[in-house]
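Hello,

Here is the structure I promised to pass on to you. Please open it alongside this message, and then read on for what turned up in it.

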Amino acid sequence: MLIPHDLLEPDTLTRLIEDFVTRDGTDNGDETPLATRVERVRRALDKGEAVIVFDADSQQCQLALRHEVPRQWLD
């Protein structure tokens, strides 16, 4: 299930994004400041390039690129 990012409380969205950009394996040696990485993800969400996916089985949210999400989830 996709969750519209603009329906989340601002603090909740920020924590979700921060969790995503600070996960092991996501920085790949990138020395970009956290605020910049968060803003990049926020822009991708605003542009529709990224989406928030909620998995009901695990009760967890993940960020994903739109083109990586099954098409039927986007309809």
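Let me begin with L2, which counts as partly exposed because its relative accessibility is 25%. Please keep in mind throughout that this is a predicted model. L2 belongs to strand 1, and across from it in strand 2 stands V53. Setting aside neighbours within four places in sequence, L2 has contacts with V51, I52, V53, V69, W73 and L74. V41 is 39 residues away from L2 in sequence, and the two C-alpha atoms lie 16 Å apart.

Between strand 1 and strand 2 (residues 50–55), the antiparallel pairing runs over two bridges.

Helix 2 deserves a visit of its own. Its 14 residues reach 20 Å from the first C-alpha to the last, close to the 20 Å expected at 1.5 Å a residue. Which residues of helix 2 are buried? They are R37, V38, V41, A44 and L45. Viewed down the helix axis, these buried residues fall within an arc of 120 degrees, so they line one face of helix 2. That set packs against helix 1, strand 2 and strand 3. A35, D46 and K47, on the other side of helix 2, are exposed. After helix 2 comes G48, with a positive phi near 80 degrees.

The largest nonpolar core is made up of 11 residues: L13, L16, I17, V21, V38, V41, A44, L45, A50, I52 and L63. Helix 1, helix 2 and strand 2 each provide at least two residues of this core. In soluble globular proteins, nonpolar side chains tend to be buried together.

Finally, two loop residues to look at. H5 sits in the loop between strand 1 (2–3) and helix 1 (10–21). Is H5 buried or exposed? H5 counts as buried because its relative accessibility is 19%, and the cut-off for buried is under 20%. Not counting residues up to four places away in sequence, H5 touches L13, L45, D46 and I52.

The other one is Q59, in the loop between strand 2 and strand 3. With a relative accessibility of 57%, Q59 counts as exposed. Its phi is positive, near 60 degrees, although Q59 is a residue other than glycine. Most residues other than glycine have a negative phi.

Enjoy looking around, and do write back with any questions.

Best wishes

Conventions:
Residues are numbered from 1 along each chain as its sequence is written. This is a predicted model: local features need pLDDT of at least 70, side-chain atom pairs count only at pLDDT 80 or more; totals for chains, interfaces and linings use all residues. Side-chain values use heavy atoms; hydrogens and water are left out. Helices (H or I, at least four residues) and strands (E, at least two) are DSSP runs, numbered from the N terminus. Buried means under 20% relative accessible area, exposed over 50%, partly exposed in between (1.4 Å probe, protein chains only). Contact means heavy atoms within 4.5 Å. Two strands pair if DSSP finds at least two bridges between them. The expected span of a helix is 1.5 Å times one less than its number of residues. The arc is that of the directions from the helix axis to the C-beta atoms. A nonpolar core is a set of buried Ala, Val, Leu, Ile, Met, Phe, Trp, Tyr and Cys residues joined through side-chain atoms within 4.5 Å.
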